[in-house]
Structure formats: structure tokens, C-alpha cells
Amino acid sequence: MDHLYTRDASKSWKQSGSDGNSRLTIKESSANILLLDYISSEKWKDIVDFDDHLDDISKDWLNEDLFK
């Protein structure tokens with residue numbers, strides 16, 4: 001099982017949800033708008049990570065065309 005860790009203002013790592021709050025929030029409002037668009041339009045399926053690139057080197061793991 002994977003665990004999500006975040007850094008707080010004091011630069012210490014803390015497991016997400018260890019304080020009873022299991023939600024990950026993004027404070028940058030423009031990021032939330034972009035993420036909502038990617039989720040609703042299923043553009044997230046077009047994101048290529050490095051592991052995908054290793055399976056098929058024709059896939060661009062830098063995702064240069066993703067934000068155009």
C-alpha cells in the first residue's frame with residue numbers, strides 16, 4: 001500500500017491523513033481549474049510518464065504538447 005506524504009511549513013514530512021484529514025488540497029486556484037478541466041475532459045489519459053516512455057519510446061514523457 002502506498003502512502004502520500006506532504007511537507008508542511010516547517011519543512012517536515014507528514015503522512016497525509018495522519019491528522020484525520022485525508023483530503024489533498026491544492027492552494028493554487030489556477031491549478032484546480034486546470035485539473036478540473038483535465039478530469040472532466042479525460043485529458044489525463046493523454047499524460048505520458050517516464051515508465052510509459054520506457055515501454056514505447058515514441059511516447060513523449062516530457063508532455064510538451066499537453067498544455068498548448
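Is Glu42 buried, partly exposed or exposed, and what is its relative accessible area?

A: Happy to take you there. Please keep in mind that this is a predicted model. Glu42 is partly exposed, because its relative accessible area is 42%, and that value lies between the 20% limit for buried and the 50% limit for exposed.

The protein has two helices and two strands, and along the sequence they follow the pattern β-β-α-α. Glu42 follows helix 1, and its phi is positive, near 60°. Helix 1 itself covers residues 29-40, which makes 12 residues. At 1.5 Å a residue, that helix should span 16 Å, and its end C-alpha atoms are 17 Å apart, so the two values agree.

Now look at the charged side chains here. Side chains of opposite charge can pair when their charged atoms come close. The side chain of Glu42 meets that of Lys45 in a salt bridge, at 3.0 Å from N to O. Lys45 counts as exposed, because its relative accessible area is 52%, and the cut-off for exposed is over 50%. A search of the whole structure finds two salt bridges. Besides the pair of Glu42 and Lys45, there is a salt bridge between Asp37 and Lys43, where the closest N and O atoms are 3.2 Å apart.

Next comes Trp44, which sits in the loop between helix 1 and helix 2 (50-55). With 47% relative accessibility, Trp44 counts as partly exposed. Trp44 also belongs to a nonpolar patch on the surface, together with Ile26, Leu35, Ile39 and Ile47. The accessible area of these residues together is about 480 Å².

Asn63 lies in the segment after helix 2. Asn63 and Ile47 are 16 residues apart in sequence, yet 6.7 Å apart in space, C-alpha to C-alpha. Leaving aside neighbours within four places in sequence, Asn63 is in contact with Asp46, Ile47 and Val48. The side chain of Asn63 reaches the backbone oxygen of Val48 at 2.8 Å, and it also reaches the backbone oxygen of Trp61 at 3.0 Å. Asn63 counts as buried, because its relative accessibility is 16%, and buried means under 20%.

Finally, here is the wider view around this part. Buried residues make up 7% of the 68 residues in the protein. The accessible surface comes to about 6,300 Å², and 54% of that surface belongs to carbon and sulfur atoms. Among the contacts in the protein with a separation of 6 or more, 9% are between residues 24 or more positions apart. To return to your question, Glu42 is a partly exposed residue that follows helix 1 and forms a salt bridge with Lys45.

Methods
Residues numbered from 1 in each chain as written. Predicted model: local features only at pLDDT ≥ 70, side-chain atom pairs only at ≥ 80, totals over all residues. Heavy atoms only, no water. Helix = DSSP H or I, 4+ residues; strand = E, 2+ residues; numbered from the N terminus. Expected span 1.5 Å × (residues − 1). Buried < 20%, exposed > 50% of the residue type's maximum accessible area, 1.4 Å probe, protein only. Contact = heavy atoms within 4.5 Å. Areas by Shrake-Rupley, 256 points an atom, 1.4 Å probe, with all protein chains shown as cover. Patch = residues over 30% accessible without salt bridge, like charges linked within 9 Å, V, L, I, M, F, W, Y side chains within 5 Å. Salt bridge = Lys/Arg side-chain N within 4 Å of Asp/Glu carboxyl O. Polar contact = N/O pair within 3.5 Å; in protein donor to acceptor, adjacent residues only side chain to side chain.
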